[in-house]
Amino acid sequence: MTHPARDLLRTTTAALAPDPNANPLVPRIAAGTAPRAGLAALALEQTWVIPADRRAFEHLAARSAAADPEAAAFFTALAQGEALAGERLAAFARACRAQEVSYEPLPGCQAYPAYVAWLALNAAPADVVLALTANFSAWGGYCATIATALREQYGFTDEACAFFDFFAEPSPDLDRLATAAVEAALDAGRLDQERAHTYGRLLQTYEAMFWDALSATPS
């Protein structure tokens, strides 16, 4: 028996999956050859990304609360997750000896949260659910690789790796909320699959820019 919403989430994620060999930094972290300065830059960029994305998700939840409660529940869960991730980020930054006061964020890294904010203001919430869910699959895989490498190659503690562990872990509840939101939008005829695919493609492109910019940081 087919499930249209679940099938659409799966096929969209597969269609938007990045080339596994395209990320220039994560394989270096996995091999232990990425410089500590690059890890510190990753931590510092995330101190900008996480609160920005949390506020964008809160705005999407508020926008969709009345007309699209299923999407609102999904975005509320995302915002709560970003808050929890932010609490775990500090330990990673400390382990990297990241100096936040003197750090200037990279435009290539901040393009992603800027676009998420654009989506929060302009896009139909159900379309964003589909686009984000496709993007999160790649991000979760990167985080799983990084979490393992930080322990095995850099000797980081579990506390310092908790930020990446959080995103690497599967979230059945989030999958359920995404499926419910997409199903409700399909039933109501308010999901624009072509537009959602465009949003997802841009999200993946901006994420690639994030890793490209970090890989160019001096050692």
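**Ground rules.** I number residues from 1 along each chain as its sequence is written, and I use heavy atoms for side-chain values, leaving out hydrogens and water. As the model is predicted, local features need pLDDT of at least 70 and side-chain atom pairs count only at pLDDT 80 or more, while totals for chains, interfaces and linings use all residues. I take helices from DSSP runs (H or I, at least four residues), numbered from the N terminus.

**Entry 1: H6 against H8.** I looked up how helix H6 (residues 125-152) meets helix H8 (residues 172-188). Their axes come within 9 Å and cross at roughly 140 degrees. Axes here are lines fitted to C-alpha atoms, for helices over the stretch in contact, and angles run from 0 to 180 degrees between N-to-C directions. H6 and H8 are therefore oblique to each other. Oblique is what remains after roughly parallel (under 35 degrees), roughly antiparallel (over 145) and roughly perpendicular (65 to 115). I noted a left-handed crossing for H6 and H8; left-handed means that the near helix is turned anticlockwise from the far one by less than a right angle, and right-handed that it is turned clockwise. From H6, Ala126, Val129 and Thr133 meet Ala178, Ala181, Val182 and Ala185 of H8. Sorted by class, this contact of H6 with H8 has six nonpolar residues, one polar and no charged. Nonpolar covers Ala, Val, Leu, Ile, Met, Phe, Trp, Tyr, Cys and Pro; charged covers Asp, Glu, Lys and Arg; the others, Gly among them, are polar.

**Entry 2: H1 against H6.** Next I took helix H1 (residues 4-16). H1 and H6 pack at about 55 degrees, with axes 9 Å apart. That makes H1 oblique to H6. The crossing of H1 and H6 is right-handed. Leu8, Leu9, Thr12, Thr13 and Leu16 in H1 meet Leu130, Thr133, Ala134 and Ser137 in H6. The class count for H1 with H6 is five nonpolar, four polar and no charged residues.

**Entry 3: the cores.** Which residues touch the most other members of the largest nonpolar core? Among its 39 residues, they are Phe92, Leu150, Phe156, Phe164 and Trp211. A nonpolar core is a set of buried Ala, Val, Leu, Ile, Met, Phe, Trp, Tyr and Cys residues joined through side-chain atoms within 4.5 Å. H2, H3, H4, H6, H7 and H9 each supply at least two residues of this core. A second, separate core has 33 residues, including Leu8, Ala126, Ala181 and Val182.

I then checked Phe156. Setting aside neighbours within four places in sequence, Phe156 is in contact (heavy atoms within 4.5 Å) with Arg36, Leu39, Phe92, Ala95, Cys96, Leu150, Arg151 and Cys161.

**Entry 4: H7.** I listed the buried residues of helix H7 (residues 158-168): Ala160, Cys161, Ala162, Phe163, Phe164, Asp165 and Phe167. Buried is under 20% relative accessible area, exposed over 50%, partly exposed in between (1.4 Å probe, protein chains only). Their cover includes H3, H4 and H6.

**Entry 5: single residues.** Gln46 lies in helix H3. At 4% relative accessibility, Gln46 counts as buried. Beyond four places in sequence, Gln46 is in contact with Pro51, Leu89, Trp139, Phe163 and Phe210.

Arg97 sits in the loop between H4 and H5. Arg97 is exposed, at 68% relative accessible area. Its phi is positive, about 55 degrees, although Arg97 is not a glycine.

Pro27 is in helix H2. Pro27 is partly exposed, at 44%.
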